[in-house]
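Subject: Structure handover

Hello,

Here is the structure for you to look over. Please open it first, then read my notes below.

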Amino acid sequence: MINIDAEIFSEFKCKADKCQHSCCKGWEIDIDEDTLDYYKSLDTELGNEIRQNIHEGEDTFFKLTSDERCPFLKDNGLCKLIEELGEDALCDICRLHPRFYEDINDYSLAGVGLSCEKAAELLFEKTSLNFIICDSQKVVSFTELLELLEIDISKVSLKLSDMIPDYLDEAKIERILDIFYITEPIDSNWKNEVLLIKKSFKEYLNKLNNMKSINDQNNHDDMEDSDSSKNLDDKKLDVKKFELIYQYILFRQLELIEEYGLQKIIDYAIYSIIFIMLYANSFHDDIEAVRRWSEQIEYNEDNIVIILNELD
């Protein structure tokens, strides 16, 4: 196997107490067998505390508190287990999150999931989506990665500003929002947030709806109206800043191409990025839009399948 890491995989470092959306809240924290054996071997007061907070059964996990926090998440946002035992004491899911791994052909790919705000921040800081071949430390672009994987995606399909105009009509946006509404909600706020977007998306859609004409005018240098030129640049920026997010969503689901076909994965990525853009417009936070989409969709395989099946 040849190991290839997304560039942000090697750059990722948990924000710990600086994180606004701790992964130690609201998520079931499964405990793997090796770590469970280690916890059972601890003949200390902390060992007793750990064992008292474990549910054992068909699934083994930490019992969350009444406000859905890990029992070892301190009020200062730091982990008691790390402070007292070190990172090696963490169960696999805590040690690895938000990292993910997938195998395609002879390649093992690694990345970080976008439900983590730090991962989203790193991606927004990039000007290109790059990957590192671990053995040689050679940096390759997403296009070059696809060539290595023998996945034939046209350059047009990788350029969000070229792809998105065909999806920007009112009926299609309504359909996209309806699909996201029927996904299994991660919490009680999800459906209300989608309904709020449905009430307010038309003005934003009008802002983006002339993207084809923007692309056409981009080939001309004789625009005399500076205000018009600025408006066009603003519209292009709305799409451009999400292009790497779009490509990264494609990257995350490359392994599903064989099962669902390339066009469905492209549509899934386009639907997702449109939802993210609409969410960001409604709630005025690009990073939170990506993070919120990811925890609802990207981290729920059933929801990914719901969207892919609705693309029929």
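Predicted model: local features only at pLDDT ≥ 70, side-chain atom pairs only at ≥ 80, totals over all residues.

Helix α17 with helix α18

Start with helix α17, residues 286–298, and helix α18, residues 301–310. Their axes lie 6 Å apart. The packing angle is about 90°. Angles from 65 to 115 degrees count as roughly perpendicular, so α17 and α18 are roughly perpendicular to each other. On the α17 side, the contact uses Gln296, Ile297 and Glu298. These meet Asn303, Ile304 and Ile307 in α18. By type, the contact residues of α17 with α18 split into three nonpolar, two polar and one charged.

Helix α6 with helix α17

Helix α17 also packs with helix α6, which spans residues 117–125. Here the angle is about 125° and the axes are 9 Å apart. The crossing of α6 and α17 is right-handed. From α6 come Glu117, Ala120, Glu121 and Phe124. Their partners in α17 are Asp286, Ile287, Val290 and Arg291. The residues of this contact of α6 with α17 divide into four nonpolar and four charged, with no polar ones.

Asn130

Is Asn130 buried or exposed? Asn130 has a relative accessible area of 17%. Buried means under 20%, so Asn130 is buried. Asn130 sits in strand β6, residues 130–133. Its side chain makes a polar contact with the side chain of Ser128, at 3.1 Å. Leaving aside residues up to four places away in sequence, Asn130 touches Ala6, Glu7, Val139, Val140 and Ser141.

Asp312

Where is Asp312 found? Asp312 belongs to the segment after α18. Its relative accessible area is 74%. The cut-off for exposed is over 50%, so Asp312 is exposed. Asp312 and Lys264 are 48 residues apart along the chain. Their C-alpha atoms are separated by 8.5 Å.

Asn130 is buried, and Asp312 is exposed.

Best wishes

Definitions and conventions: Residues numbered from 1 in each chain as written. Heavy atoms only, no water. Helix = DSSP H or I, 4+ residues; strand = E, 2+ residues; numbered from the N terminus. Buried < 20%, exposed > 50% of the residue type's maximum accessible area, 1.4 Å probe, protein only. Polar contact = N/O pair within 3.5 Å; in protein donor to acceptor, adjacent residues only side chain to side chain. Contact = heavy atoms within 4.5 Å. Axes fitted to C-alpha atoms, helices over the stretch in contact; angles between N-to-C directions. Parallel < 35°, antiparallel > 145°, perpendicular 65-115°, else oblique. Nonpolar A, V, L, I, M, F, W, Y, C, P; charged D, E, K, R; others polar. Left-handed = near helix turned anticlockwise from the far one by under 90°.
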